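Biologist: I have this chain open next to me and would like to talk it through. Could you take my questions one at a time?

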Amino acid sequence: MWWSCPECGSYAEMSGEETAGFAVECPDCPNPMVSQWVWDEPNAA
Ligand SMILES: [Zn+2]
């Protein structure tokens with residue numbers, strides 16, 4: 001499960017089980033990261 005930071009664009013891979021129910025803080029800034037369920041979109045431009 002990948003997480004991304006909308007503020008600085010950092011990405012991190014973390015276990016969904018470990019992060020379930022928790023907010024993931026960005027390692028590079030104080031903002032929360034958002035889960036990135038769809039990482040490799042074949043049709044993404
Ligand atoms: Zn960040």
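Biologist: How much of the chain counts as buried?
Modeller: Of its 45 residues, 4% count as buried, where buried means that 20 or more other C-beta atoms, placed from the backbone, lie within 10 Å of the residue's own. This is a predicted model, in which local features need pLDDT of at least 70 and side-chain atom pairs count only at pLDDT 80 or more, while totals for chains, interfaces and linings use all residues. Residues are numbered from 1 along each chain as its sequence is written.

Biologist: OK, and which pattern does the chain follow along the sequence?
Modeller: The pattern is β-β-α-β-β, with 1 helix and 4 strands, taken as DSSP runs numbered from the N terminus (helices are H or I, at least four residues; strands are E, at least two).

Biologist: What order do the strands have in the sheet?
Modeller: The sheet is open, with antiparallel pairing and the order β2-β1-β4-β3; two strands pair if DSSP finds at least two bridges between them. Because β2 (11-13) and β3 (24-25) each have a single partner strand, they stand at the edges, and one side of each is left without a neighbour in the sheet.

Biologist: How many bridges are there between β1 and β4?
Modeller: Strand β1 (residues 2-4) pairs with β4 (residues 32-36) over 3 bridges, with Trp-2 partnered by Gln-36 and Trp-3 standing opposite Ser-35.

Biologist: And what joins β3 to β4?
Modeller: A hairpin does, through 6 residues, and the two strands run antiparallel with 2 bridges, where Val-24 has Met-33 as its bridge partner.

Key
Buried ≥ 20, exposed ≤ 12 C-beta atoms within 10 Å, placed from the backbone.
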